[in-house]
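Please keep the sequence and the model in view while reading.

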Amino acid sequence: MLSTDKIKDLLSHGENKQVEFKKCTDKVSASVYETVCSFLNAEGGYIFLGVDDDGTILGINPKCVTDMTKSIINTLNNPEQFLPPMPITPEQTEVDGKIILYLNVPESEQVHRYKNRFYDRWGDADNDVSKHTYLVKNMFMRKEKESSENEVFPDVTLEDMDEESFKIMRSHISIHNSNHPWLSMTNEEFLRSLFWGKQRETNKEGYKLAAILLFGKEQTILNCCPWHRTDAIYRSMSYERFLHPLPTDPDIRYNDRDMICVNLIQSYIRLLNFVQRNMPDKFRLADNGIDRLDLRVMIFREVISNTLLHREYISSYTNKFLIFRDRVITENWTKPFQTGDINIDDWRTHTKNPLITKVFREMKWAEELGSGQKNIRKYAPLYFENSEIEIHSGEEFIFSITYRDPKEFELAENIPTSHRQVGTKSGPSWDQVGTKLALSRGEIQTILETCISERSLMEIITLLHFSNRTKFRNKYINPLIAEGLLAMTVPDKPNSRLQKYYTTEKGKSLLCQDESN
């Protein structure tokens, strides 16, 4: 929710491409929905109701607030009025003793229309472009850059979804809004209202990948998005000690590990539990002086949400959540909005997966844009002594929080500490292996990680979408076996129907380098 100061600041700068004022003191005008439509089709923005064109706060009749809120929710969820529907819940607040409503409209990955009319945002105006074919076409072309969450899977049914995840979603939403429209919908109604689409190639309809990632069963996710996984690892040593072990150090790869391949709702819970399991308790009184805050949760709910929500899910790169005694690092693959090393004060968040993010925000698992980084800045110094935040943004997004406690600093000060440095105990390097085998890092990494547990050839083939067993075995399996990275469970009978493959210690050593990269 926007603070009063933030609202006043937005009002003081007047209307622009992402801010619109509507008088609407006792009823919702049609122009509100036109602006919602144009914002969705453009770059998103805020719409303030009860505010004059010059930014003067008029206020909304208190008797009309409830009816106006219901009218907005109903219209935006009604496909006969607004297509495709876009559930947006107005926020009510009071400024200078007057009630206003505001809508935080995201940039949509789809083209929307209100009463079968297309609207686009130009400057501070909403423009009906319905009669201009080339302008409508331009809007669709802008959306061509959509994220992978919009891929449609016609063969997926409601039976492929996890019932427990729907219950968790509704439970969290009801805590904050017992009248939320999603609570009265069946699972199918909810999924169709937000996640139903059409394949461009075949015109077949079905659920989008966003629905599968949020609510799918584990096997459904494996079939539709085999790259989806988050590797959570805890090591009870400093990061520098891990990179530069002493000869006397025991050969321990990790103290705790959770390879998470479940849907995003379950992943969020598993990652938060992992943090609470492996990081010390530290509580603080909330600003009201009564409630106790778990600082781990306040910091890492933001970090976890960020690494799950802003990932590019068609990439084979494995999400990583690494905890050391003096540092926490997350890594994920994304489409970068900013590049290079970034100061957290200049970090501009940009929604990569709007549909997934929408659900997390309604559950209050993710904040509005910009709020998350403020919470990290606020609470990290209270939890970590001498904390330092580093962000490197590129296709590989790396976020780290370092907390240097002199009692736990184990190495000399002249040892390099860059979070991008690669170094482990003896073992092959990615460059050496990739060049020798003529395979990409992603291909090798996927197979080796999959075979941490024994896997059949068909299970491995499924991950890389191959159909020819012989070609797959010759291109991938045999070279990895020859290099000593992969091994057979029945080595004396290579063609045994019981044959499975597993990652060797040499292969694990290579993965260990990747985890510390």
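Is aspartate 258 buried or exposed? Aspartate 258 is buried, with a relative accessible area of 14%; buried means under 20% relative accessible area, exposed over 50%, and partly exposed in between, with a 1.4 Å probe and protein chains only.

This is a predicted model, in which local features need pLDDT of at least 70 and side-chain atom pairs count only at pLDDT 80 or more, while totals for chains, interfaces and linings use all residues. Residues are numbered from 1 along each chain as its sequence is written, and side-chain values use heavy atoms, with hydrogens and water left out.

**Salt bridges**

- The structure contains 16 salt bridges, each being a side-chain nitrogen of Lys or Arg within 4 Å of a carboxyl oxygen of Asp or Glu.
- One of them joins aspartate 258 to arginine 270, with the closest N and O atoms 2.8 Å apart.
- This pair links distant parts of the chain, as aspartate 258 lies in strand 13 (residues 256-260) and arginine 270 lies twelve residues away in helix 10 (residues 264-278). Helices (H or I, at least four residues) and strands (E, at least two) are DSSP runs, numbered from the N terminus.
- Arginine 270 counts as partly exposed, at 30% relative accessibility.
- Salt bridges that share partners connect Glu20, Lys22, Arg121 and Asp126 in one network.

- Glutamate 43 and lysine 17 form a salt bridge, their closest N and O atoms being 3.1 Å apart.
- Glutamate 43 is in the loop between helix 2 (30-41) and strand 2 (45-49), and lysine 17, 26 residues apart from it, is in the loop between helix 1 (4-12) and strand 1 (19-22).
- Glutamate 43 is partly exposed, at 41% relative accessible area, and lysine 17 is partly exposed at 36%.
- Lysine 23 and aspartate 52 also meet through their side chains in a salt bridge (3.9 Å, N to O).

**Helix packing**

- Helix 15 (residues 441-450) packs against helix 17 (residues 469-482) at an angle of about 70°, and their axes are 11 Å apart. Axes are lines fitted to C-alpha atoms, for helices over the stretch in contact, and angles run from 0 to 180 degrees between N-to-C directions.
- The two helices are therefore roughly perpendicular, a term for angles of 65 to 115 degrees.
- Glu443, Ile444 and Ile447 of helix 15 meet Phe472, Lys475, Tyr476 and Leu480 of helix 17, where contact means heavy atoms within 4.5 Å.

Note on methods
Angles under 35 degrees count as roughly parallel, over 145 as roughly antiparallel, 65 to 115 as roughly perpendicular and the rest as oblique.
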